[in-house]
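Let's take a friendly look around this structure. Have the viewer open as you read.

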Amino acid sequence: MYNRKCISALLGVILMTALYGCTEKSADDKPTESEVGLFAMDTYMSLKAYGPNADKSLQNASERITQLESLLSVTDSGSEIYRLNNAEGKETPLSPETGFLIRSSLEFGSETNGAFDITLYPVSKEWGFTTGSYKVPSEERIKELLEKTGSDNISLSNDGSGALLKNGANIDLGGIAKGYAGSCAAEILKDDGIESAILNMGGNVQTVGTKPDGNAWKVGIQDPEDSSKLVGMVSVADKAVVTSGGYERYFEDDDGNIYWHILDPKTGYPAQSDIISVTVIGSDGTICDALSTSLFVMGTEGASAYLKNHSELGAVIVSRDRKLYITENIRDNFKSSGDFAGCEIIII
């Protein structure tokens, strides 16, 4: 019998409160503050913005997130992904959003040498990571399911308006959808004239501009081995901060073996990486979301090499031996804390 142990990803965003619906606060010397809370994409989200009409803008942003979930959910029988997965090889019409994310996923898969793979869904499901019914599949079963994975099993039309899956393949956009939703929500706020906002989306944080006082937002990165502590804080403005780690979702068998949800697409087993947490910082939440998982699979050597060739991205990587790998471009914007205050820091 397996024991379920699931710790939700926590990024320590200062000032976050759990509210449902919208609230407004105002004072003579402070800008209007509004907040909306919702449960979407399998996590609780807290969206906070400042300025006139921020409450209406947040409602528009939350409605956009809900609308995207209705398109991209792998379990909702009305979603485009569900229909695609159950089309038995027939072409399924797609919205521009779904087509864009499938195309982007294929590009990320190619760019990361297969570390990002949306066709791994049947394998993840077999492990129980999508259902909560955890088990260790047999080697034969994993091998059988891996034969149905890979980008070659996805055929996307040139304009992204339709797709079909071959060889019994199924896909899941869960590794990229929240990042995309955060970017879309941020664009809505900006279009409405909002210049200061922070969106906490369960492991994904998207900021708009700076704090109302002009200072950078400070986003906490959770210690992957102690949810009550932080690795440190990163200061950002108008950036996404996305963290992935094995601690987000895992289970332990009766012998004490731990299996986490980040799978290696090449083996079908939990990634045997020397990394326990990856945080990616950048202007595009979609990219940050996809890469946070991919870099975890790559390990410190592969992740470091990738990041050196993508200087537009920042990252904080926690290795299994509790060293910190930090990109040069965020060195001055990151401050370690707690047990990591005196640890070895390797600049990438």
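## Before we start

Buried means under 20% relative accessible area, exposed means over 50%, and partly exposed is anything in between (1.4 Å probe, protein chains only). This is a predicted model, where local features need pLDDT of at least 70, side-chain atom pairs count only at pLDDT 80 or more, and totals for chains, interfaces and linings use all residues. Residues are numbered from 1 along each chain as its sequence is written, and side-chain values use heavy atoms, with hydrogens and water left out.

## A helix with two sides

Helices (H or I, at least four residues) and strands (E, at least two) are DSSP runs, numbered from the N terminus. Take helix α5, residues 139-146: Ile142, Leu145 and Leu146 are buried there. Viewed down the axis of α5, the buried residues fall within an arc of 100° (taken from the directions from the helix axis to the C-beta atoms), so they line one face of the helix. On the face turned away from that buried side sit Glu140 and Lys143, both exposed.

## Salt bridges

A salt bridge here is a side-chain nitrogen of Lys or Arg within 4 Å of a carboxyl oxygen of Asp or Glu. The structure has 14 of them. One joins Glu126 and Lys135, at 3.2 Å from N to O. Glu126 counts as buried, at 16% relative accessibility, while Lys135 is partly exposed at 37%. These two also belong to a salt-bridge network with Arg141 and Glu144.

Asp238 and Lys190 make another salt bridge, with their closest N and O atoms 3.2 Å apart. This pair links distant parts of the chain, 48 residues apart: Asp238 is in the loop between β11 (226-236) and β12 (240-245), and Lys190 is in helix α6 (residues 177-191).
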